[in-house]
Amino acid sequence: MTGTTRSSNGLDDRRKRLLFRCWHRGTREMDLILGRFADAEIGNLSDDELTQLETLLEEADPDLYAAITGDKVLAADVIGPLFARIKGFPIADRDV
């Protein structure tokens, strides 16, 4: 899989913007991690979770990737329940 599988049709502007930002990070690794999570979950996230996602997206890719892989700890105001969900989300193709 190399890109989004979810259409932005039916999403409000905030969710559309976040979906795009998750797939256009600047590093392919973060595109795949955040993009796949957003494809699956963006329509179900609460306003609070959307705010948490916006906060996460402000982090630099190397720092965020290091935090997801366990090589770095981000500030407490950045990590939270949504970060834990992203970290535990399967990113590999299920058919492989």
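**Close-up views of a predicted model**

**View 1. Helix H1 meets helix H3.** Arg 14, Arg 15, Leu 18, Arg 21 and Cys 22 in H1 meet Asp 47, Leu 50, Thr 51, Leu 53, Glu 54 and Leu 57 in H3. Contact here means heavy atoms within 4.5 Å. By class, this contact of H1 with H3 has five nonpolar, one polar and five charged residues. Ala, Val, Leu, Ile, Met, Phe, Trp, Tyr, Cys and Pro count as nonpolar; Asp, Glu, Lys and Arg count as charged; the others, Gly among them, count as polar. H1 covers residues 13-23 and H3 covers residues 47-57. Helices (H or I, at least four residues) are DSSP runs, numbered from the N terminus. The model is predicted: local features need pLDDT of at least 70, side-chain atom pairs count only at pLDDT 80 or more, and totals for chains, interfaces and linings use all residues. Residues are numbered from 1 along each chain as its sequence is written, and side-chain values use heavy atoms, with hydrogens and water left out.

**View 2. H1 and H3 cross.** Two packed helices are described by the angle between their axes and the distance between the axes. The axes of H1 and H3 come within 11 Å and cross at roughly 35°. Axes are lines fitted to C-alpha atoms, for helices over the stretch in contact, and angles run from 0 to 180 degrees between N-to-C directions. H1 passes H3 in a left-handed crossing (the near helix is turned anticlockwise from the far one by less than a right angle).

**View 3. H2 packs on H5.** The axes of H2 and H5 are 10 Å apart, at an angle of about 105°. The two helices are therefore roughly perpendicular (65 to 115 degrees). Ile 33, Leu 34, Phe 37 and Glu 41 in H2 meet Leu 82, Arg 85 and Ile 86 in H5. This contact of H2 with H5 divides into five nonpolar, no polar and two charged residues.

**View 4. Leu 82 in helix H5.** Leu 82 lies in H5, residues 81-88. Leu 82 is buried, with a relative accessible area of 1% (buried means under 20%, with a 1.4 Å probe and protein chains only). Leaving aside neighbours within four places in sequence, Leu 82 is in contact with Phe 37, Leu 45, Glu 49, Gln 52 and Leu 53. The C-alpha atoms of Leu 82 and Glu 49 are separated by 6.4 Å, yet these residues are 33 residues apart along the chain.

Note on methods. Buried means under 20% relative accessible area, exposed over 50%, partly exposed in between (1.4 Å probe, protein chains only). Angles under 35 degrees count as roughly parallel, over 145 as roughly antiparallel, 65 to 115 as roughly perpendicular and the rest as oblique.
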